[in-house]
Amino acid sequence: MISHPAFNAILNGLSAVLLAGGYAAIRAGKRDVHKRFMISAFSVSTVFLASYVIYHIRIGHVVLFQGQGWIRPVYFALLTSHTILAIVIVPLILITLRRAWTEKFDKHRLIARWTLPLWFYVCVTGVIVYLMVYQIYAVKGG
């Protein structure tokens, strides 16, 4: 059986794949394919966010990073940038999607140039944080 944190990491990874597909589709001029990828990425990210909040409410504590030495500042720098951008990205995603939905594509493109790479970064670093906390530096036998 898959753990809840692993499920969340899979959702984050899937969101990143969908975002990459959406980017490739729009670069190839396939607007309808791009739209499907981006709506899918938004849907998966929404499920991730709900699942993440439910998990942390359910466990009632923060899972601490166990790595020692040089990796600690690397981890905390990654976690800090991930957390700040995860907060910033939510309104950016909503604004970007609204502009596409209302067919204001000139304004959509302007903000999407920022939204896409930041959203992708948040998804990928979410998977890296999971791997560092729950796999690579996990408490052994715990």
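**Aromatic rings at a glance**

Phe48 and Tyr52 are four residues apart in helix α2 (residues 31-59), so about one helical turn separates them; helices here are DSSP runs of H or I with at least four residues, numbered from the N terminus. This is a predicted model, in which local features need pLDDT of at least 70 and side-chain atom pairs count only at pLDDT 80 or more, while totals for chains, interfaces and linings use all residues. Residues are numbered from 1 along each chain as its sequence is written, and side-chain values use heavy atoms, leaving out hydrogens and water.

**Ring pairs**
- The structure holds six aromatic pairs, meaning Phe, Tyr or Trp rings (for Trp, the six-membered ring) with centres within 6.5 Å; planes under 30 degrees apart are stacked, over 60 edge-to-face, and the rest tilted.
- Phe48 and Tyr52 form a tilted pair, 5.6 Å centre to centre with 35 degrees between the planes.
- Phe65 and Phe76 pair edge-to-face, at 6.2 Å centre to centre and 85 degrees between the planes.
- This pair links distant parts of the chain, 11 residues apart: Phe65 lies in the loop between α2 and α3 (71-101), and Phe76 in helix α3.
- Ring pairs also join Phe65, Tyr75, Phe76 and Tyr137 into a cluster.

- Phe48 is buried at 16% relative accessibility, where buried means under 20% relative accessible area, exposed over 50% and partly exposed in between (1.4 Å probe, protein chains only).
- Tyr52 is partly exposed at 39%.
- Phe65 is buried at 6%, whereas Phe76 is partly exposed at 35%.

**A charge over a ring**
- The charged end of Arg31 sits over the ring of Phe105, 4.5 Å from its centre; this requires NZ of Lys or CZ of Arg within 6 Å of the ring centre and within 35 degrees of the ring normal.

Note on methods: Helices (H or I, at least four residues) and strands (E, at least two) are DSSP runs, numbered from the N terminus.
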